[in-house]
Amino acid sequence: MSEIRKDLQYTKEHEWVRKTSNPKVVVIGITDFAQSSLGDVTYVDVPAVGTEIKQDQVFGSIESVKSVSDLFAPLSGKIVKTNEALSDDPAPVNSAPFDNGWLVEIEISNEAEFSKLLNASAYEQVAQ
Amino acid sequence: MSNWPLKTSLSVELSRPGHCAHSLPKLEIPEAPPPARNARQKIPHLPELSELEVVRHFTRLSTLNFSIDNGMYPLGSCTMKYNPRVNEATASFRGFTRIHPKTPVQFAQGALELMYQLENLLSEISGFSRVSLQPAAGAQGEYLGIKMIKACLKARGENRKKILIPESAHGTNGASAAMCGYEVVPLKTTAEGLVDFNQVDELTRSGDVAGIMITNPSTLGLFESDILKITKLIHDRGGLVYCDGANMNAMLGITRPGDAGIDCMHFNMHKTFTTPHGGGGPGCGGLGVSKTLIPFLPVPTVEKNPSGADDFVLDDKRPESVGAIKDYYGHFLMMVRAYTYIRELGAEGMQKAGQDAILLANYVRMRLKDHYEVAFDKPCMHEVVISDKRQQKNGIKTLDIAKRIIDEGIHPPTIYFPLIIPGAMMIEPTETESLRAVEKFCQVMIQIAEEAKEENAYEKHFAGRPRHMAYAKVNETLAARQLKLSWKDL
Amino acid sequence: MRYLPLSAEERKEILDLCGVDDFQGLIQAIPDELRLKGLLDLPPALSEPELMEHLESLANKNTGAWMQSHLGQGVYDHTWPSVIDQITNRGEFLTAYTPYQPEVSQGTLHAIFEFQSVISEILGMEIANASLYDGATSVLEAVLMAARTRPQNNPIVYVAEGIYANTRKILESCLADQGIEVRTWKADPQTLTCTQASFQDSAEERPVAFVLQSPNRWGLIEDWNEVTALSEKHNARSIAYVGHALSMGLFQSPGNAGIDIAVSEGQSLGIPVGFGGPHLGLFACKRADIRQMPGRLVGLTEDARGQRAFCVTLSTREQHIRREKATSNICSNQNLMALRALMYLTLMGPEGLTRIARDCRSLAYYVRSALQKKFVESKRELQVLDGEVFNEITILAGQKESLWVDEKIAQAQELGILVGLEVEIPKQSGFVRGLNIAFTERHRKIHLDKLIELLGA
């Protein structure tokens, strides 16, 4: 059974979103289910700070030894921070996907988009 | 295979200053003055070893390899059949090894004649009108085929942008189409892994489909029974048909792709026609083409002398040719091997090869069907697809089974391909294996299936495999993370 | 039949197990109209002695293999130590599959790692792959890689005029498919080398790359710094094509000049000329570009027991994972040829490589000096191209001597010599035809003197 955090929101492409103390900024990562299907992550490819991303569009990718998975933006916005530690060592994406394995922080551009996200119990149905 | 002293050194680690293994003639003429400019500043850092040290180093390395000469490779779609040694003998004749590709044709008649004859033999075997031997490997053959299709449509004044490719196809198909600038439209296969005629019908109505890339027999080892219908439909809609010839072994002497309306098909000489895999290459491709595509063949082609004399010439004055995709004529020394093999087998041998390949794959299917989920419970061609569906119930996966097989001295089958069967294992025994060897393989697989049913199966039988080889499970994650690609990075 | 062990009884046993009466019962899926009704029309099967006889008679018709050959232009009839054939013929190397199961392929993988190491060393580059098909397709892949890293709407690549004619043709055939236009970086008509000064276009549309070959098709050594400077000026990638791999024993490596992508044809490293193949494409680049690199890569790692081990890595660039988004459609490497090249460089060592490079160049110098003297004395419109060379020289013929090349080729053939290959000469040089002559350590003084006498006559 993969871990699902109740306080987060999700997409059906297995990304999670965490709100921060700043209402305009959220943290994005991939779920425990995603990391376990991928296998050992070897490389994380996310765009540079300042890049605009659009909800549901591919904004990066994650590589494991045997596969590459696209990352789909859960919300639209601008990248304000990336997890640079992952370029030296991407292992936290596997060991702590909800914590040290976070990928990017974005400044959201459209609050209404939150309605498209899944809550924890809805995501549980997806992550079978 | 060896359980050799496990510490293998890199040649640089064995290097000692002053050791050498070269033997060069003395200059009989004055040495030229050193380069005034652009001289290399530092001598390359290469190992210094004596000849014996070099021989031992590489001999030891060779003993760490599994090979056909050691044991069976039941790798689906790879056709790992025996590499006849007479091929090596003929390919090493001075007349073949020491002839420069730009030799004026009158002094290279043997090479041209061999190429000409080989093309004819392959045409007869495959049913195509002509063959190009220029592609270096299957992937280049695919690229050439799509390129020729593109040229043909262009000559008709068409500018179609799409190519249909079944999801079950080999990864090179999509990559080759993309290299030619086409948009790939994936086709969902039927439950049997075959092309869905209705889907092709729908997708080709718009008239912007350049063609389809089909694999026959399919990547699941089944013959596309509707092939004539499909090729006719594509042609009626103005497109052309490419066939991936990786599975040609199932067709030798039994059926011919050229008769089924295929416009071009690549050969994998290193599969069907026994040229050696060499640990990953060189391959040897080739492309059979229908009459429609002949004008677009790459140059130069080998022709009989148009003047009527008995000799052969090279023709590069073909105005509609796609040009050249590779330097010179292709992997000539591999052609010599394939030619030798085809001349040895003859018509009866060729047919027996195709039939025995199919017989042995079906033998495996019947022996394993009570122990593994067979993807399709009906006669297969030269390969059979099974999966880990039953074993997964007890937590054992295809990868575990693969690593387990290694400890029995057999190479694992192709795993996790085709992607449409989760946990696929694709088994192709090939006709050069004896029934005894194939039965041994089946017994190993059955034993593993029994082990997988036990309690604590993973810990008892599957963890930490291989256990008995010189090397245990290799850490591929570490390799990808640290990316050390040269001894400079040590 | 010796490769087809199934006996008639065994075939029957299998048919019974499958529950069918005859073989046709297994191929019901093949429509009847597509099943062959009889045997293929192939020539009668040959036994081994007959095969050897037949193939040998074909080989013997290649009389060019016994002539004194000075043919070059990217493929050279060098020697190689016998050890190479002996070791690469071992079944464990010859008949092994691609090393996808690393635990049983450490021989191949270790060898590729060493190959990557020696190639990156001689080219002076940070990383090298496990090889591509040949030099020409390596240039092609380099341009495609450069284009991926410099996305443009209408990409252009500038290719030095000194590139081999064959390679140029392949670039034109294949780059068009990706919408990349090939333009010429013209050579200086007097020196027949390509420099920043000889580059005449303005290149306002930013090219994706500049490609320079050295030694070039006229045998001359080019300066890698010219292409790096020109590329930097236009924000393009610099691609170096080392025309003769052994020249790295004597001349500056591309890496030393800061080149982005270095490629070469590795056939001179222990691989037979073999009527054109199989040969060996060398490909090396900077670490920063690793994810855009085509071809197989082997990386260092360890096994579960902590032993040093190797495996194929970064397969996520390749076709079997990325499919149509792959860096290339390439599936194989030239593994057996790469092993030959590795053994060649290991057997030669630094001293041997330097020595053979020096010796081949001395042969070229010896013949050039002698011919230069003779041509000056004869006052004919013939000249040997001056400048820094490796193992090839080019004789230039003026308008008055426009038939000299054909005459000499024919006269040489009468003497059992393949004197060289015609090479195109830019008109502004004042000459109309060129004859390119290559030298290897197979040529003794007696061969060279015969050549000088023939050409100087």
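**Where chain C meets chain B**

Start by colouring chain C and chain B separately: across their interface in this predicted model, 93 residue pairs are in polar contact, both partners at pLDDT 80 or more. Now select helix H10 of chain C, residues 335-378. With 25 residues, helix H10 gives the largest share of the side of chain C that touches chain B.

Zoom out for the totals. Chain C puts 180 residues in contact with 200 residues of chain B, and about 17,100 Å² is buried between the two chains, 63% of it from carbon and sulfur atoms. Pick out Tyr3(C), Glu103(C) and Phe275(C): together they supply 6% of the area chain C buries against chain B, more than any other three residues.

Next, the salt bridges, eleven of them between chain C and chain B. For one to look at, show the side chains of Asp177(C) and Lys150(B), which pair up at 3.8 Å, N to O.

Last stop: go to helix H12 of chain B, residues 398-406, and click on Lys403(B). Is Lys403(B) buried or exposed? It counts as buried, because its relative accessibility is 6%, and the cut-off is under 20%. The side chain of Lys403(B) makes polar contacts with the side chains of Gln101(C) at 2.9 Å and Glu103(C) at 2.7 Å.

Conventions
Residues are numbered from 1 along each chain as its sequence is written. Chains are lettered from A and ligands numbered from 1 in the order in which they are written. This is a predicted model: local features need pLDDT of at least 70, side-chain atom pairs count only at pLDDT 80 or more; totals for chains, interfaces and linings use all residues. Side-chain values use heavy atoms; hydrogens and water are left out. Contact means heavy atoms within 4.5 Å. Buried area is the accessible area (1.4 Å probe) that two parts lose on being put together, summed over both. A salt bridge is a side-chain nitrogen of Lys or Arg within 4 Å of a carboxyl oxygen of Asp or Glu. A polar contact is a pair of N or O atoms within 3.5 Å; within protein, one must be able to donate a hydrogen and the other to accept it, and residues adjacent in sequence count only if both atoms are side-chain atoms. Helices (H or I, at least four residues) and strands (E, at least two) are DSSP runs, numbered from the N terminus. Buried means under 20% relative accessible area, exposed over 50%, partly exposed in between (1.4 Å probe, protein chains only).
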